[in-house]
Every structure is written in structure tokens, then in C-alpha cells.
Amino acid sequence: MTNHQKYDIIKTRRGRTPQNEKEILIGLTKRSESKKAANDISNDSAYVIRQSGNKIVICGGSNDALVAAIDKWLGKMVDPKGRLCIPITEDGYIFAPGEV
């Protein structure tokens with residue numbers, strides 16, 4: 001069985017979330033965690049899903065790859081009770097067609 005960390009959904013005003021707050025970062029955001037994930041993507045079809053500190057980072061090499069990453073995360077990273085989870089690992093999931 002995989003260890004998971006639970007995340008609560010909180011609402012904040014746009015751009016006012018403290019840097020150390022729990023967040024789900026989707027796509028290329030202003031956060032350094034998103035920029036690092038984007039740098040780890042090798043091609044347009046690749047994506048990254050990872051935990052970085054107290055953030056879940058989902059990033060894709062293209063819009064289609066980002067949608068695929070979100071679909072994967074929602075399909076595999078939401079528990080049967082609808083709680084958001086991600087395996088506890090800094091490596092997370094990296095998908096790069098042709099490189100796996």
C-alpha cells in the first residue's frame with residue numbers, strides 16, 4: 001500500500017497565498033516549484049507530477065501533456081473518499097514518451 005499525504009482545500013485571494021502554504025500548482029506558475037518541474041520536462045509530450053515540500057506540482061510540456069497529467073493525477077491520486085493525495089516522494093511521477 002502506498003503512503004499518502006492528505007491535503008485540505010483552502011480558498012485564498014489570487015496572488016495572496018503565502019509561499020509556505022499548502023498549494024496545488026498546475027501548469028507554469030510564479031512559484032519556484034513550478035519552474036523547477038518545467039525545467040525537468042524533456043519534450044512536449046512529457047509531464048511531471050510531484051510533491052515539493054508542502055505543494056503538489058503538476059506541469060506539462062504542452063497543453064495536451066498538462067491535461068494528461070491532470071487526468072492521471074485525478075485518476076490515480078484521489079482516494080475513494082474523494083480526498084486529494086499524492087505519494088510521499090520528492091521524485092513524484094515523470095512521464096516522458098520514448099524515454100521510459
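The following legends describe close-up views of a predicted model.

**Figure 1. Confidence along the protein chain.** The protein chain has a mean pLDDT of 75, and 64% of its residues reach 70 or more. Among its elements, helix H1 has the highest mean pLDDT, 93, whereas strand S1 (residues 4-7) has the lowest, 48. Over residues 1-5 the pLDDT stays under 50, although the model has 13 contacts beyond four places in sequence for this segment. Where pLDDT is low, the predicted coordinates should not be read in detail.

**Figure 2. The largest nonpolar core.** Eight residues make up this core: Tyr 47, Ile 49, Ile 56, Ile 58, Leu 66, Ala 69, Trp 73 and Met 77. At least two of the core residues come from each of strand S3 (47-52), strand S4 (55-60) and helix H2 (63-76). H2 provides the largest share, three residues. With neighbours within four places in sequence set aside, Ala 69 is in contact with Tyr 47, Ile 49 and Ile 58. Another core lies apart from this one; it has seven residues, among them Leu 25, Ala 37, Ala 46 and Cys 59. In soluble globular proteins, nonpolar side chains tend to be buried together.

**Figure 3. Strand S2 and its pairing with S4.** Strands S2 and S4 run parallel and are joined by four bridges. Within this arrangement, Ile 24 stands opposite Ile 56 in S4. The covered face of S2 presents Glu 23 and Leu 25, and the uncovered face presents Ile 24 and Ile 26.

**Figure 4. Surroundings of Ile 26.** Ile 26 belongs to strand S2, which spans residues 23-26. The relative accessible area of Ile 26 is 43%, so this residue is classed as partly exposed. Beyond residues up to four places away in sequence, Ile 26 touches Ile 58, Leu 66 and Ile 70. Ile 26 and Gly 60 are 34 residues apart in sequence, and their C-alpha atoms are 8.9 Å apart in space.

**Figure 5. Ser 34 in helix H1.** Helix H1 covers residues 32-39 and includes Ser 34. Ser 34 is buried, because its relative accessible area is 0%. A polar atom of the Ser 34 side chain lies 3.4 Å from the backbone oxygen of Gly 27. Leaving aside neighbours within four places in sequence, the contacts of Ser 34 are Leu 25, Gly 27, Leu 28, Thr 29, Val 57 and Cys 59.

**Figure 6. Gln 51 in strand S3.** Gln 51 is a residue of strand S3. Its relative accessibility is 6%, and Gln 51 therefore counts as buried. The Gln 51 side chain reaches the backbone oxygen of Gly 53 at 2.9 Å.

**Figure 7. The salt-bridge network of Glu 23, Arg 31 and Lys 55.** Salt bridges link Glu 23, Arg 31 and Lys 55 in a network. In the salt bridge between Arg 31 and Glu 23, the closest N and O atoms are 2.9 Å apart. Both partners of this pair lie below the 20% limit for burial: Arg 31 is buried with a relative accessible area of 18%, and Glu 23 is buried with a relative accessible area of 13%. Glu 23 is also part of the covered face of S2. Side chains of opposite charge can pair when their charged atoms come close.

**Figure 8. Salt bridges of Asp 40.** The whole structure contains four salt bridges. Among them is the pair of Lys 36 and Asp 40, whose closest N and O atoms are 3.4 Å apart. Asp 40 also meets Arg 50 in a salt bridge, with an N to O distance of 2.8 Å between the side chains. Asp 40 counts as partly exposed, because its relative accessibility is 33%. Arg 50, with a relative accessible area of 7%, is buried.

Methods. Residues are numbered from 1 along each chain as its sequence is written. This is a predicted model: local features need pLDDT of at least 70, side-chain atom pairs count only at pLDDT 80 or more; totals for chains, interfaces and linings use all residues. Side-chain values use heavy atoms; hydrogens and water are left out. A nonpolar core is a set of buried Ala, Val, Leu, Ile, Met, Phe, Trp, Tyr and Cys residues joined through side-chain atoms within 4.5 Å. Buried means under 20% relative accessible area, exposed over 50%, partly exposed in between (1.4 Å probe, protein chains only). Contact means heavy atoms within 4.5 Å. A polar contact is a pair of N or O atoms within 3.5 Å; within protein, one must be able to donate a hydrogen and the other to accept it, and residues adjacent in sequence count only if both atoms are side-chain atoms. pLDDT is the predictor's confidence in each residue, from 0 to 100. Two strands pair if DSSP finds at least two bridges between them.
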